[in-house]
Amino acid sequence: MINLLLFPVLIPFLFAAILLFFPKKVKAQRITVMIGLLLALASAIVLLVKVKTDGVQTVTLGSWAPPFGITMVSDMISVLLVLSSLLIAIFVVWYSYTSIGEDREKAFYYPAIMFMLTGVNGAFTTGDIFNMFVFFEVLLMSSYVLIVLGGEKVQLRESIKYILVNIVSSSLFVITVGYLYSVVGTLNMADISIKLSEIGQSGIVTVIAVLFLIVFGIKGAIFPLFFWLPGSYAAPPVPVLALFGALLTKVGVYAIMRTYTLFFTTDIGYTHELLMVISIITIIAGCVGALAYFDLKQIIIYNIVIAVGVILFGASIMNKSGMLGSVFYLIHDILIKGALFLLIGIIIKITGTSDLRKMGGLMKRYPALAWSYLIAAFGLAGIPPLSGFIGKLLVVQGGFEGEYIWQSIFILASSLIVLLSAIRIFIYAFWGEDKVGLHTISPKTYRQLLFPAITLVAITVFYGVGSEYLVPFMTDASTVLLDPSVYTDAVFGGLK
Amino acid sequence: MKTNDLIIQTTTKVVFFIIFLFSIHIFFAGHYTPGGGFVGGLLMSSAIVLLLLAFDLKPVQEMLPINYTVLTATGLLISLATAAGSIFFNVPFFTHAYDYFNLPLLGETSIHTAMFFDTGVYLVVVGVTMTIIQMIGGDE
């Protein structure tokens, strides 16, 4: 099966097309979408095993020779990201059954999710820079649908901003790819990597590197390009927010990591220094935002910004521990952000508000919710046995090894602020007097919402406790990132 | 307001078929000369838009009782199936094949699987364009 690595992209696409046939039959939609997701997850697991045993998998579409056709490449980092994106989607869909409402389900909600997964998984798997642009558009178009679906006033307002920002960044992406093409004359990422290393240090290549940082920085929300994120993400309903918060910015982060490890490795002194400075400022900006708000959604949204900074800092060091930590933290962050958004979704549903000052005393009536939120919050901050610890430890270790003392101290200090911001939610929402009084949520709905959230929290706990078992996978992922020749050799397979 | 649009309706009845045939021609010509599924699909939908202008939304929907969402989905499935056919032969995805066939009337013709992919594109373009126009036009 040489096409195995395409299955996590193709299965969501196939099921999205099938779901378009019967939008009004909600039950059938729910069943079909879950079957599709489980099939895709199974294929991703098979692919993971295959990549682990046989190394990087590649296929060039249409039986053309590598630089001429579109190559799809599945190395360890991309297959891990594909796997976690499908996992998050399963929980979000499960949660949506109860939470999203029939009106939205009848208006192509599930097809939009499946198309978005096609785009996300395709962007993680592709080995062609223009094909990456196309997959970005696939996922962005579906996210436009998801953000505006329902047509509330705030959604309409924020979707206009979101679309405007993304159209500007997409056109910049095309322009940048145009510049790159005029310099190297190829679009295949492995071929670009080889050509750029032959050119060596050159001014125009550095300019293109910075342009790519701007393009992917808008998608991935780095300082000062994250301005669109807090407003736009707060607009859609919670399951959509969970999907966006867990996946969309990570695609931008992955694209930065990929281009900065595969393409632009000749002038590290400038480009990676810039990336490092920006990632530190991103962390600071995120911390300021996370402390400033009394709004549940905003606090977690600014935590996305902080995480983006930490991941990119790890990647910018370009040494072994830094990269390993960055990969660990990337997967951790996808899982934990999904879990946190699902949990605060329940809190918002119970209290009917997202303002922290108007809620309190939920601990007595909803202990399971409280404890799982506490575990997720500790995981987010990186308390040792939980999932955020190992990634941040390795990032900081990489920072000290690279003699970036101050930057590493910033990362450590940011953990405290993350913990403070997450615990503030815990203190305000769960402790104290019961300010809400009237709880409109029925016990059945509460249980149905809580199950997917708790299961996801349990998975993050396993991710942290069992990180010993994950080390071989993560090491493979960081090896490919640190050594571009593994990637190019796999694509050209002895041709060059 | 009821206007007398006899001339435009009569002309449309003739012109519609000319545009329709031209769209089919452009679609089949795509492999060797400019054209293909996208332009063909746009021409086809422009023919339907001409019908919409000459008659009204309701009569055209009765004339062509097509659910354009389903048409789009069918197009997607046809394209995907064409590209995915290669999976069953264990060659890379999107590998196309062609052969010569003796068809009635046309004689010896080369048929390439890229044409079936283009059929999907054609249907998607018609479906999406008509969905947009009917949605906006249907708003009172």
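The following questions and answers describe a predicted model.

Residues are numbered from 1 along each chain as its sequence is written, and chains are lettered from A in the order in which they are written. Local features need pLDDT of at least 70 and side-chain atom pairs count only at pLDDT 80 or more, while totals for chains, interfaces and linings use all residues; side-chain values use heavy atoms, with hydrogens and water left out.

Q: What area is buried between chain A and chain B?
A: Buried area is the accessible area (1.4 Å probe) that two parts lose on being put together, summed over both. Carbon and sulfur atoms give 79% of the area here, and the total is about 1500 Å².

Q: How many residue pairs are in polar contact across the interface of chain A and chain B?
A: A polar contact is a pair of N or O atoms within 3.5 Å; within protein, one must be able to donate a hydrogen and the other to accept it, and residues adjacent in sequence count only if both atoms are side-chain atoms. A salt bridge is a side-chain nitrogen of Lys or Arg within 4 Å of a carboxyl oxygen of Asp or Glu, and across this interface the rule finds zero of them. For polar contact, with both residues at pLDDT 80 or more, the number of pairs is five.

Q: Which residue forms a salt bridge with A:Asp54?
A: Over all chains the structure holds 12 salt bridges. The closest N and O atoms are 3.3 Å apart, and the partner is A:Lys50.

Q: Which residue has a backbone nitrogen that the side chain of A:Asp355 reaches?
A: A:Asp355 is in the loop between α14 (320–351) and α15 (367–381) of chain A. Its side chain comes to 3.1 Å from the backbone nitrogen of A:Arg357.

Q: What is omega of the cis peptide bond that joins A:Phe223 and A:Pro224?
A: Most peptide bonds are trans. A:Pro224 lies in the loop between α9 (203–220) and α10 (229–234) of chain A. For this cis bond, omega is about -5°.

How values were computed. Helix = DSSP H or I, 4+ residues; strand = E, 2+ residues; numbered from the N terminus.
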